[in-house]
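This report concerns a ligand site and the packing of helices. The sequence and structure are shown first.

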Amino acid sequence: MSFASLGLSAEIVRAVTERGYTEPTPIQAQAIPVILKGGDLMGGAQTGTGKTAGFTLPLLQRLADKQIIGKGHIRALVLTPTRELAAQVEESVRMYGKHLPLKSMMMFGGVNINPQIKQLHGRVDILVATPGRLLDHLQQKTVDLSHVEILVLDEADRMLDMGFIRDIKRVIAVLPKKRQNLLFSATFSDEIKLLADGLLTNPALIEVARRNQTAELIEQRVYPVDRERKRDLLTHLITENNWFQVLVFTRIPAMAIHGNKSQAARTRALAEFKTAKLQVLVATDIAARGIDISELPHVVNYELPNVAEDYVHRIGRTGRAGSSGEASSLVCVDEKKLLNDIERLIKRDIPVVNVPGFDVDPRIKAEPILNGSNRGQGGGGRGQGQGRSQSAPRAGGAGRTGGAPRTGGGKPAGAPKPAGAGRGPVPSGAQHRSGGRGR
Ligand code: AMP
């Protein structure tokens, strides 16, 4: 399938080809025709699926088809939860629309409002904004949204998580009643459904496979460690394995990008990270949301997230677009329950690697090493590699081959899941890591 066959114009197909895309991703193949026809859409997709181009390309085309000469008005509004995502979406709009005479603008808080006011005096066809700052402009009457034809809520679930629902409703209240609405969300909670019910008219529902079902390219592993030694272990892993471009998630805003940093500092940190000048970037879930770094090789969970679904979002930063990645979680004894929740959600055990010298709190490996026959229904596919409690070089064949899904029928519901030793095969990538230093 080609972009042209989806009904996109020559100018847009040219921009996409120049970007290097040869064929549409599944969400693009499904969403583009629906949006081109003018219908509402509810899209279940998260970052990494190509959803941005999925709504941007047809949006640009619809606006270009009905060209309005003159100063113009804001005709499309895209709301995003974070500044980073706003910047990325607006960059995509500019890139895909580079052969079209349309102007876009990004708008977010944390920066001086005056340049934004000035920019709004000029031509803006497409506005990409975070809800809070947009509301400021509305209150100051520095933005006119009375000609908006298309509204996009990107990562709507995150916007709700971040408490933007009232802001969003206030924005929607000033938009023309007749318009096209597109809502994208990685999850469909009752709250999202309620929002969608009030917003969308006969929407097409498009859902692409969640990453937790398609993430075979991501090597996931758990490193048991004492709480106090996480920092040391992280340093050890990064230096010993020579990891580059490591995105570290913590629950506590620690270093690089988080909401309280100035926008300039955040943008700089991200740019340096992307060009691999900065080796490690530490981020909270919210700050990291929507960061688009393709082929990011390493994601580290310094702490497991409280909400299991966030694990999926986090590891979705790696192993994108056909490239492989590694997701490592430093897990201490307090986090056993969180690990269980995650494994239940992703329907697989995450292989455990014990690093010599990082003795684990005995409680985390308290459970006996089980042999294959004790592993219940799941034992068949996971019987090899038992008893690996050290990361000594492993015999060939103990590793998981070819990244095949390892669910193996799954464990019996409620079966104990040792977070320590003996849980299954070692990921193939871990073999050369532990044994490979001498290579
Ligand atoms: P998104 O889900 O919109 O954040 O996009 C994820 C990544 O996929 C971005 O780096 C895009 O540049 C890339 N991408 C989007 N569409 C395609 C495509 N059709 N072919 C290859 N890569 C794509």
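## Basis

The model is predicted: local features need pLDDT of at least 70, side-chain atom pairs count only at pLDDT 80 or more, and totals for chains, interfaces and linings use all residues. Residues are numbered from 1 along each chain as its sequence is written, and side-chain values use heavy atoms, with hydrogens and water left out.

## Ligand site

Around the ligand are 15 residues, of which Tyr21, Gln28, Gly48, Gly50 and Thr52 come nearest (a residue counts as near if one of its heavy atoms lies within 4 Å). This shell comprises 3 nonpolar, 8 polar and 4 charged residues; Asp, Glu, Lys and Arg count as charged, Ala, Val, Leu, Ile, Met, Phe, Trp, Tyr, Cys and Pro as nonpolar, and the others, Gly among them, as polar.

A polar backbone atom of Lys51 lies 3.3 Å from an oxygen atom of the ligand. The protein covers 84% of the 490 Å² of accessible area that the ligand has on its own (Shrake-Rupley method, 1.4 Å probe).

## Helix packing

Helices H2 (residues 26–36) and H3 (residues 51–65) pack at about 25 degrees, with axes 8 Å apart; they are therefore roughly parallel (angles under 35 degrees). Helices are DSSP runs (H or I) of at least four residues, numbered from the N terminus. Axes are lines fitted to C-alpha atoms over the stretch in contact, and angles run from 0 to 180 degrees between N-to-C directions.

Helices H14 (residues 308–315) and H15 (residues 336–346) pack at about 70 degrees, with axes 8 Å apart, and are therefore roughly perpendicular (65 to 115 degrees).

Conventions
Polar contact = N/O pair within 3.5 Å; in protein donor to acceptor, adjacent residues only side chain to side chain. Helix = DSSP H or I, 4+ residues; strand = E, 2+ residues; numbered from the N terminus. Parallel < 35°, antiparallel > 145°, perpendicular 65-115°, else oblique.
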